[in-house]
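Hi there,

Here is the structure I promised to send over. Have a look, and my notes follow below.

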2 protein chains.
Amino acid sequence: MKYQDDPFKGNFDSLEEFADRISDLLQCPITIEDANHRLIAYSAHDDYTDPARTATIISRRVPEKVINSLWKKGVIPALLSSQEPLRIETISEVGLGNRVAVSIWKNQEVIGFIWALETDRTLSKDDLELLKKAAKAAKNKVLQLYMRKNKREERVQEFFWKLLTGHITANEEIKENFDFLQIPTAPLFSVFVFRFANDITSDIEKQISYILQTTQQIQVLLYTVDRSDFILLAAPKSTRQPLAECSQFIASFATKMKERFHIANIQSSFGGIYETFEYIEKSYKEALTVLSMKEKFPAQTASIYGYQQLGIYQFFDLLLEKKRQGELTNSTLAKLQAYDEKHHTNLIETFEVFFDHDSNVNETAKALNIHPNTLSYRLKRIAEIGEIDLHDMNQKVKLYIDIKLAKYEASH
Amino acid sequence: MKYQDDPFKGNFDSLEEFADRISDLLQCPITIEDANHRLIAYSAHDDYTDPARTATIISRRVPEKVINSLWKKGVIPALLSSQEPLRIETISEVGLGNRVAVSIWKNQEVIGFIWALETDRTLSKDDLELLKKAAKAAKNKVLQLYMRKNKREERVQEFFWKLLTGHITANEEIKENFDFLQIPTAPLFSVFVFRFANDITSDIEKQISYILQTTQQIQVLLYTVDRSDFILLAAPKSTRQPLAECSQFIASFATKMKERFHIANIQSSFGGIYETFEYIEKSYKEALTVLSMKEKFPAQTASIYGYQQLGIYQFFDLLLEKKRQGELTNSTLAKLQAYDEKHHTNLIETFEVFFDHDSNVNETAKALNIHPNTLSYRLKRIAEIGEIDLHDMNQKVKLYIDIKLAKYEASH
DNA sequence: ATTAGTTTTGTGGATTTCCACAAAATGAAG
DNA sequence: CTTCATTTTGTGGAAATCCACAAAACTAAT
C-alpha cells in the first residue's frame, strides 16, 4: 500500500498545514474553499499553478467567471450531488487547467471543496480515493471555521437590523461598528430587497448567499432575511455609473437564481444610492416603496428596479390622496374620457402610450398597431377635443400623470 | 326762436316717451344709453336707422366692435371729458352713419349718452343746444334707473359673496337665487380674478365694469371687488373651446384696461370651468391658486391664466413640502448640479429649457443661443453624467419637476 | 340603404432630427 | 507655454417627422 491507512489522522494546527499535507501526498497544488468558493487554505510550496488558482489566491475567492463556467459545464452541480472526486478538463477561456475536485460534506450538506491541480502528473485511482479521505478529514476543521463565522454573523445581523430600522443614527457609532465587525466599507451603497414568492427557507437563504458571495459585480456588505424578503446592503464597484451597475446586478441575480436553483418570480428593487451610512434606513424604505409600486403598476414598472428610476411614481401616493379629496381635476382628461366613452375611441390610451414611448411616433404606432398617420390624426383630435396644447410640456405632463392616477383608481 | 325755453319741462312717464319727444323736436332717430352703453330707451317712429342702431336695439347694448371703433377714433374719451354735443362722421366699417352725441352728467360723472342720427337732415347749432338741454333733463330719469339698479346690485353682491365663500352649496337654492335676481345662467362658467397693483377705487371699478359691460367675448354673470382683486363670474360663449375663449378674454381685457384707462400690471387668472354652480367656490379658489403660482413663478407662468393650464404647478406646493421633509431627492439632479458647479457648465439649464420647449432641438438651441449640435452634445453628457435615460419620459418628468422645485427653493 | 361625419390608411415632399466625424475653441493643470 | 480633456461649431447623409391631400373604411344615424 502506497499510503498508510489514514494519512490525515494527526492533528493539524491549521487548514494550511492540512493543505500542505495533501499536496505532499498527491504531489500537486491543493486549494480548499468553503461552500461559497471563498478561499480557506492553499498549499504553499508548489512550483506551478494555473491562472485561475493564482487569481483565487490573490483575491481570496474564486473569480466569478470561473464559477460561472463551472456551473455551465455542470461541475458544481455534480459536486453538490456526489461525494466522489470529479475530474475536470482544462477550460482555457478562464485559465483553468486540468484538476480534480471533491466536495466536503456535513450530513446532507456541502460545506466546502478541495481542488487538486494536475500540473505534473495525472492522479491515479488511489490518489482519488485519498482525496476523498482528505475531504472527510477536512470536515471538522471547516466546521470550526463556520462556527466562528456564525458567532460573528449573529452580531452582524443584529447590527444590520438596527441600521435598517434607524436605531443607530450617529455616523460615528455606525462607523465604529463597521470597523469592529470587520465589515468592509464603500464610498457608495444602496439597500436591495429581493422579494420571493414564499417565505425564505434556510435552504434558499444559503443559495442566495452563495450567489452573493460569488458575485463580483457588486460588493456585498451586509444581508439578512425578513420573511419573504431578502435584504442586502451592497456597494457598486465604480462611482461613475452606480445606477447601471445596481440594475445589472439585479438582472443577473434573477438570472442566476433561475438558472441555478430554478427559483423565479423574484421581485427585486434597490433604494437610493448614498454616501453616508445614516441613509441606510432611507434606502431600505425606498427599496420597499419600489416594490409596492411595482405591485400596483406591474406593467409600467416592469423594467424599474431602482428608486431613482421610479420617477413620478415616487410621489404617486401623495397625488392620489389629493385626487381623492376632489382636487386635481383635469378637464382635458374628462373631455377625452367622455369622447372615448361615447365614440368608442382610444384617445386616452393613445396619448398615454405615446408619452410612454417618449413621443416617438413610429414606436407608438407599432405599440398600438396603427398607422403612424393614424397616430398623428388622433393627436390632432386629442388637442382639439381636450383643448390641450400638445407643444406645452407642462400640460402634457399633467395630463399624463392624471391618466396614470385615473387608471390606478379605476383598477383599485 | 324756433323752440320754446325748455321743451323738456313736462313730466314724462318713461324715458321712451322722453326719447320720442327729442326725436320729434330734432326730426331724427334718438337713442339713450347708460354709461356702459346699455340701451335705456330709443325713439320709436323713425323710418330709417343705420345698422349700428338696429344692432344696438336688438341686443339692448351697443355692439362691441362699434364701441371699440368709437374709442379708437377718440369719440368716447371726448364725450367723457366734455358736456358739449359732438358730431361723429360716418364709420362705415361698423355700420355707423353720421350722428351727434352728448353725454349725460351727474356732478363730475358721466351716467349716460344720447345719440341723434342725422339721417335726413344735419342738425343746426340750435339743434345741438337743444340736445344739450335734453341731456340735462334726462339726468334725473337716468339716475332713478341707477338707483333701482343699485338696490338690486346690493342683493346680488351679497349673493355672490355667499357663492364665493361656499355659504350656499345646495344647487337648488343657488338656482332659485339666480332666477329671483334675474341673473342670466349659462351651461359653463368660471371665476376670474384680476389683481391690480393697488386697492381698487370706485373709479377703477367703474372702468372695469364699463369694459365688462361692453365686452361680448364672454357673458358676464356676476362680479365684485375685494381690495385689489376684481372677481368675476363669467361664462364662455361656446362650449367647444371654452378655455381658449377665457384666455382670449383675459388678454383683451388687459389690453383694453391699458389702452383706454392706462392701467397696466394686472395679474389675471381664472379657475376651472364647471357646469354646476356648487363649483363656484372651487373655481374661485383655483383662480387664486393660479395668481399665487404666478407670483412664485413669474417667468414660467407668464402665459398661463387658467387653472387648467397650470399643469404640474397645481400640485407644486405638495411636492415642495415633501421635498422639505428630505424626500424626493434626485441623484441625477445632484450629479448634474455638482458637475455644473465644478465645470461651470449649464447642463441643468439646458435640460430645463429643452423640456420647456417640448424637446424641440432647434427652438431650444435658439433660446440658449447655442448650436443645435452643442445641444445634442450636452444632452448626451446629461445622460452620461446624470445616469438618466433620456428616452424614459418618466425619469425626464421627474428630473424636470425636481429642477423646478430646486429652482424655487434656491430663490426663496 | 343612404348619407354625413369620423376615422384609418396611403402617398409624396419639405423639413427636421439624428449621428458620425472632424476641426476649432476653450480651459484647467502641470 | 504646453498639453490634454472638454466643449463648441461645422458638414453631410441617412432616417424620421410633419403636413397636406385623398381615398377608403367605418359608424351612427335617418
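In the hairpin of β4(B) and β5(B), two residues lie between the strands, and Asn107(B) takes a positive phi near 55°. Strands here are DSSP runs of E of at least two residues and helices runs of H or I of at least four, numbered from the N terminus.

Before going further: this is a predicted model, where local features need pLDDT of at least 70 and side-chain atom pairs count only at pLDDT 80 or more, while totals for chains, interfaces and linings use all residues. Residues are numbered from 1 along each chain as its sequence is written, chains are lettered from A in the order in which they are written, and side-chain values use heavy atoms, without hydrogens and water.

Eight bridges join it antiparallel to β4(B), residues 99–106, with Ala101(B) opposite Trp115(B). Strand β1(B), residues 30–34, also runs antiparallel to β5(B), through five bridges, and there Glu33(B) stands opposite Phe113(B).

Now the interface. 42 residues of chain A are in contact (heavy atoms within 4.5 Å) with 42 residues of chain B. Two salt bridges (a side-chain nitrogen of Lys or Arg within 4 Å of a carboxyl oxygen of Asp or Glu) are counted between the chains. Asp358(B) forms one with Lys396(A), the closest N and O atoms being 2.6 Å apart. On the side of chain A that touches chain B, α15(A) gives the most, with seven residues.

Best wishes

Key:
Pairing = 2+ DSSP bridges.
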